[in-house]
Amino acid sequence: MDHLSLMSVTTIAKTDYVSFTFFVGTMAMMAAAVFFFMEVGNTSKEWRTSVLVSGLITFIAAVHYYYMRGYYADQMAIPGMTPQNASPTFFRYVDWLLTVPLMCVEFYLITKKAGGKSSLLWKMILASVVMLVTGYWGEAVAPANATLWGTLSAIAYFYIVYEVWLGDVKKLATSAGSAVASANAALGWFVLVGWAIYPLGYLIGTADGQWYASFKNIGIDMNVIYNIGDAINKIGFGLVIYSLSRKAA
Ligand SMILES: *C/C=C(C)/C=C/C=C(C)/C=C/C1=C(C)CCCC1(C)C
């Protein structure tokens with residue numbers, strides 16, 4: 001029997017990095033959400049919605065993290081449960097389906113003044129939904145075909161990278177002026193490097209029986225990687241928007 005079934009679910013073992021990062025993730029997202037919400041009132045009118053959306057992204061994540069943390073602890077209390085089987089995959093993807101489109105909204109809001117159209121917003125949202133639904137399919141519905149679904153997801157991901165680095169988002173951000181252009185460049189690094197953390201989690205989480213089965217040997221749990229990725233990307237992304245709101249008054 002493991003520690004969680006002997007003690008209460010509020011006890012986290014020193015080596016249980018999944019539970020630990022779910023817990024710290026909950027606190028970090030909560031703190032970030034409070035910060036962004038409180039700062040909305042101190043923000044110049046034209047950037048208020050952007051800072052509000054940063055608050056919504058971290059707030060939605062905080063609620064999901066609180067839930068995933070509890071779900072994981074409850075599952076692990078069941079004798080014989082493995083971290084992989086206890087993974088709150090469904091709620092993870094519900095969180096992403098709400099928060100990643102809101103990150104697309106952030107790109108729309110910062111490029112709007114330079115003529116960003118809602119059609120561009122919908123293309124980005126569509127790409128993010130395709131990226132996440134195919135990823136969910138490969139992880140939870142058809143893991144035997146994880147390579148196929150992961151590849152489809154990656155194509156949608158690279159479309160988003162393209163828009164931000166070279167496509168319309170980039171062009172509009174450049175014509176919006178230096179503050180927006182440099183914020184877009186910073187967000188572009190989050191999308192290119194920060195978001196690339198997630199496919200690594202996917203490869204570890206779906207490695208069983210695949211040609212990349214050796215990814216299991218990395219020895220870091222998929223949920224730890226996703227939790228680190230979320231903290232970097234959701235809070236960091238929000239802070240870039242926040243600092244833009246202070247620079248470009
Ligand atoms: C706040 C949550 C964020 C920013 C989540 C981003 C998620 C991704 C960029 C996921 C990408 C994936 C691939 C590119 C291929 C494998 C499947 C995914 C869904 C993990």
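This is a predicted model: local features need pLDDT of at least 70, side-chain atom pairs count only at pLDDT 80 or more; totals for chains, interfaces and linings use all residues.
Residues are numbered from 1 along each chain as its sequence is written, and side-chain values use heavy atoms, with hydrogens and water left out.

Around the ligand lie 18 residues, of which W96, M131, S153, Y198 and K234 come nearest (a residue is near if one of its heavy atoms lies within 4 Å). The ligand taken alone exposes 520 Å², and the protein buries 99% of that (Shrake-Rupley method, 1.4 Å probe). By class, the shell comprises 12 nonpolar, four polar and two charged residues, where Ala, Val, Leu, Ile, Met, Phe, Trp, Tyr, Cys and Pro count as nonpolar, Asp, Glu, Lys and Arg as charged, and the others, Gly among them, as polar. Helices α4 (89-111), α5 (118-141), α6 (146-165), α9 (197-205) and α10 (222-247) each supply at least two shell residues (helices are DSSP runs of H or I, at least four residues). The most comes from α4, with five residues.

E39 belongs to helix α2 (residues 17-40). Beyond four places in sequence, E39 is in contact with Y242 and R246 (heavy atoms within 4.5 Å).

With residues up to four places away in sequence not counted, V169 touches F107, T111, L120, M124, E163, V164 and N184. The C-alpha atoms of V169 and K117 are separated by 10 Å, the two residues being 52 residues apart along the chain.
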